[in-house]
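Subject: Structure for your review

Dear colleague,

Please find below the structure that I am handing over to you. My findings follow it.

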Amino acid sequence: MTTSESERTCPFRHDDALEPDPFMARMRVEAPIARVRMPYGEGECWLVTRYEDVRTVTQDRRFSRAAIIGKDFPRITPAPIVQSEAINVMDPPALSRLRRLVTKGFSNKQVEELRPKTQQVVDALLDTMELHGPPGDIAKDLAGKLPLTTICELLQVPAAERPQLRAWAMAMMSMKPADREKAAEAKAGLREYFAELTAERRRNPGDDLLSTLATAEVDGERLDDRELAVMGMLLLVTGHDTTTYEICNIVYTLLTHPVHLAQLRSRPELLPQAIEELLRYIPFRQGVGIPRVALEDVQFDGVTIKAGDVVHVSYLCANRDDDAYERPNELDFERQEPAPHMTFGHGSHHCLGAHLARMELQIAIGTLLSRFPELRLAVPAEEVEWNTVSIWRYPLTLPVAW
């Protein structure tokens, strides 16, 4: 390994628009399984960055997410975001049970039934943007409203309560040391809110997603009260975060890649495939997410990961691995490689809401491009201001003209 000790204590953030983190990219080439130190948490951990190695760690039951519970594990946020009852820190068979229950209440079919309503919301938001602009602001006028509206409609969260939930969700994701207490308070606030809301849905179920999850049964089993509350919280946070920021990131990327934008305008049937390629190409978050713990010594590409060691994987690095993709650093809407991207994770922890995100992105981006055929940035690209606080990478404002 040629990287120095000081370089291995990288803060795991890179705020230069949507350029890949150079430290992470270097690790994939120089030390694809490396010992690193995160900004927060105890001790060092392993960082795994190659596509096939990430697949192995995320599929091999010798690596456990549940084993991080109770640990001050290495991470990129001051306060841990995860909760012990959450589905994203479970292992099979408990994970399998919960996924079956959630899948029953949140199926692809149910998401597709939301498509007409989502189209109506997008049309209304773009009506308002057109009425008040140009310039418009994709971050405020579209991205900041559509995903939150969609997931809150699914959960039937009252409109007056949505701004507070969004504020809590954003506060949880801060990487600033000074925000540790605020992040913990936000997490507690969200948990208390959903504990009360899900208890009410238990007593008086309706036709919303939370009620469906509360009453869903597989082999006579249901989600218990704590699982249901944390699931509601997780759905709110993950159901709007990724899509909110990816709408902005995708629009920015298209408007700064005129050849690709022209290709998509001339061949709108490429949109679903283009969205997948954009999701692969864009490094939409900082560093790494939830780690795993080795349950036994594992020989791994000539490296011994010892029992008890914490292991982080980088899905974003895997998405740019030249062993998995030809010309991985180029945007190609007609890419033929069979390797699916890992933006929504991989294996048993693949995002349950990926189908909802895809549907929203297809409608938002497709409608925006067809409705505004001369859409362009209203400021030079270098003047776009980027988030430098949370784990997410996105423009704080994205002024556009047409």
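A network of salt bridges links R35, E44 and D309. Please note that the model is predicted. A search of the whole structure gives 25 salt bridges, and three further pairs are described here.

D53 forms a salt bridge with R50, with 3.0 Å between the closest N and O atoms. D53 is buried, because its relative accessibility of 7% lies under the 20% cut-off. R50, at 26%, is partly exposed.

In the salt bridge between the side chains of D72 and R75, the N to O distance is 2.7 Å. Here R75 is buried, at 3% relative accessibility, whereas D72 is partly exposed, at 34%.

D127 and R371 also form a salt bridge, their closest N and O atoms being 2.4 Å apart. This pair links distant parts of the chain: D127 belongs to helix α5 (residues 115-132) and R371 to helix α15 (residues 354-371), 244 residues apart. D127 has a relative accessible area of 42% and is partly exposed; R371, at 26%, is partly exposed.

I turn now to the strands. Strand β1 (residues 33-37) runs antiparallel to β2 and is joined to it by 5 bridges, with I33 opposite V48. The two strands form a hairpin with 6 residues between them, and G41 in its turn has a positive phi of about 95°. β2 also pairs with strand β8 (residues 310-313), in the parallel sense and over 3 bridges; in this pairing V48 stands opposite V313. Of the 5 residues of β2 (residues 44-48), 4 are buried, so this strand is largely enclosed by the rest of the structure.

Yours sincerely

Note on methods:
Residues are numbered from 1 along each chain as its sequence is written. This is a predicted model: local features need pLDDT of at least 70, side-chain atom pairs count only at pLDDT 80 or more; totals for chains, interfaces and linings use all residues. Side-chain values use heavy atoms; hydrogens and water are left out. Buried means under 20% relative accessible area, exposed over 50%, partly exposed in between (1.4 Å probe, protein chains only). Two strands pair if DSSP finds at least two bridges between them. A salt bridge is a side-chain nitrogen of Lys or Arg within 4 Å of a carboxyl oxygen of Asp or Glu.
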